[in-house]
Amino acid sequence: MQARPIRILIVDDDADLLFLLKHQLSMPGYAVELCPDGIGCIDRLVEHQPQVVFLDISMNGIHGDDLCRQIKKDERFKDVKVLLMSGNLDIQHIADACRADDFIAKPVTPRMIRDKITHLIP
Amino acid sequence: MEIPIMSLDITNEMDIMLAHRRGMQFARYVGIGLSEQTRFATAVSEICRNGLEYAVEAAIYFSVTKTLERCFLKAIIKDKGRGIADLPHILQRRPDEHRGRGVGLVFARKLVDVFQVTSSPRGTSVLLQMDVPIKNAVINRLVVQGWVKHLQSEPAINAYEELKIRNTQLVELSDQLKINSGVVEEQLKEIQLLNVKLSKSNDRMKEFTYAISHDLKTPLSNLKIASEYLQSNPQGEDLSSYKAILSRSVTRLDKTIHSLIEILDIQNPDKHIVRELDFAVVFEEIREEFELQIVESRAVIVADFSLAPKVHYIEGYLQSILRNLLSNSLKYKDAGRPLKIHVSTEKAAGGVCLSFTDTGSGMDLERIKERLFVPFTRFSGNSDGKGIGLYLIKGMVESNGGMVIVESNTGVGTTFKFTLVPYT
């Protein structure tokens with residue numbers, strides 16, 4: 001029996017990065033959804049019920065770390081793994097402060113995303 | 001090497017005065033400063049008074065001790081009294097807790113560099129020692145003999161004159177201390193102001209560093225992913241999106257680097273030409289740069305600089321401020337309303353207040369106020385802007401002690417108020 005694909009949501013206001021990640025992560029085993037800003041993120045979480053969410057910190061509008069706090073407080077998303085993405089050198093500190101499950105330092109690559117998913121969803 | 005200078009028996013009040021005077025003189029001869037001379041001489045008179053009032057056969061011995069590296073002026077006051085009972089306890093008490101001999105001891109200890117006291121039922125010996133600046137210490141037995149010979153030719157001490165001299169010295173010292181205290185206070189204030197400035201500067205640098213790193217890493221990340229994929233030579237795919245991403249990433253990097261150059265250029269002190277600027281003239285020059293956009297947007301611009309027509313400022317800065325504000329107003333106009341721009345100046349505390357109001361789309365300041373002046377931040381889908389304009393002009397204004405205030409409402413418009421502090 002084919003295992004269900006791991007559902008991923010990537011939230012970033014960089015349209016090019018979203019395209020590249022979706023294109024290169026869309027393979028058997030992954031179902032990738034995109035969200036171009038933080039405002040629609042919660043609705044996408046409800047609709048697609050991802051297992052892993054990658055959040056860019058510096059987005060216009062709501063920031064990734066604020067979104068992370070919202071997700072972590074919401075009972076509906078208690079099993080969702082949240083990772084922050086950023087080029088900020090303080091990313092570990094920011095991730096700890098908002099109780100993210102992990103973080104990725106930018107520049108990210110599809111391989112880094114796959115490695116993190118494997119680590120978080122064994 | 002110990003060089004005795006002179007000794008004095010302390011048998012009456014005049015001897016205390018003389019010991020004080022000699023203390024001042026010897027301290028002056030060895031090159032100690034006025035405040036240290038007074039401290040030493042005061043300590044001498046305190047201990048001599050103790051010897052006179054509470055003991056017998058008190059005497060003071062002045063000497064100079066020299067080593068290769070150090071030099072000291074010493075006064076040893078000895079007596080043959082009954083000693084000081086409970087000496088350790090006396091030395092530990094506060095000055096206000098003392099009576100009698102204890103007061104003089106504790107007070108004198110604070111005045112000198114080295115203070116030692118030994119006491120027994122056979123008498124007490126107190127050492128008072130001051131460091132002598134070694135470069136001043138051209139002191140040998142011959143020199144000391146010269147001091148003593150000089151002092152022997154002095155007229156006899158006159159109590160009234162001696163008190164008057166001491167009083168004058170204390171007043172001079174007190175005045176000097178007041179001046180020094182004022183100077184120190186001024187310097188402390190200056191240090192505090194510099195600290196605040198430095199702290200703000202550090203925060204700006206952190207903010208800037210983060211922003212630039214974000215704006216460089218994002219397109220670089222995309223370039224890396226796209227180019228690696230293309231290098232893997234995928235077959236049978238439409239790669240036009242990848243090529244477009246490569247091109248856009250390079251353009252973004254190019255823009256960011258140009259912005260960096262612009263920022264560095266603005267900070268170049270060689271470009272900081274300060275002169276008296278006429279607001280109307282400078283604004284008209286900037287307005288001409290945007291003539292086409294003004295006509296296309298049908299913007300109505302009213303400029304009134306009558307209340308404060310001029311300012312002594314860096315020309316490049318004022319041009320930048322007006323250019324950025326006008327550019328933003330034209331860029332972020334509300335499509336459903338006519339654009340009106342009002343620019344004016346008025347005198348303000350410390351300088352000139354420049355106000356720039358428009359009836360553009362306005363901003364939700366509650367949501368974005370913390371990032372409004374962060375470099376490389378954009379608040380709309382309009383990607384023409386580099387996101388550094390407000391960051392730059394805030395830095396320009398604040399670098400000379402000025403301030404920026406923003407008021408804005410979505411659907412109403414925006415007002416910027418800059419307090420420009422003139423350059424001297």
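In chain B, 70% of the contacts with a separation of 6 or more are between residues 24 or more positions apart, a contact being two residues whose C-beta atoms, placed from the backbone, lie within 7 Å. Keep in mind that this is a predicted model, in which local features need pLDDT of at least 70, side-chain atom pairs count only at pLDDT 80 or more, and totals for chains, interfaces and linings use all residues. Residues are numbered from 1 along each chain as its sequence is written, while chains are lettered from A in the order in which they are written.

Of the 424 residues in chain B, 30% are buried, meaning that 20 or more other C-beta atoms lie within 10 Å of the residue's own. Chain B holds 12 helices and 12 strands; these are DSSP runs numbered from the N terminus, helices being H or I with at least four residues and strands E with at least two.

Let's look at one sheet. Five strands of chain B form an open sheet with mixed pairing, in the order β7-β9-β10-β12-β11. Its edge strands, β7 (300-304) and β11 (403-409) of chain B, each pair on one side only, where pairing takes at least two DSSP bridges between two strands. β7(B) runs parallel to β9 (residues 340-348) of chain B, and 5 bridges join them. There, B:A303 stands opposite B:V343 in β9(B).

Now to where the chains meet. Chain A brings 15 residues to the contact and chain B brings 18 residues. On the side of chain A that touches chain B, helix α1 (residues 15-25) of chain A gives the largest share, 5 residues.

Conventions. Buried ≥ 20, exposed ≤ 12 C-beta atoms within 10 Å, placed from the backbone.
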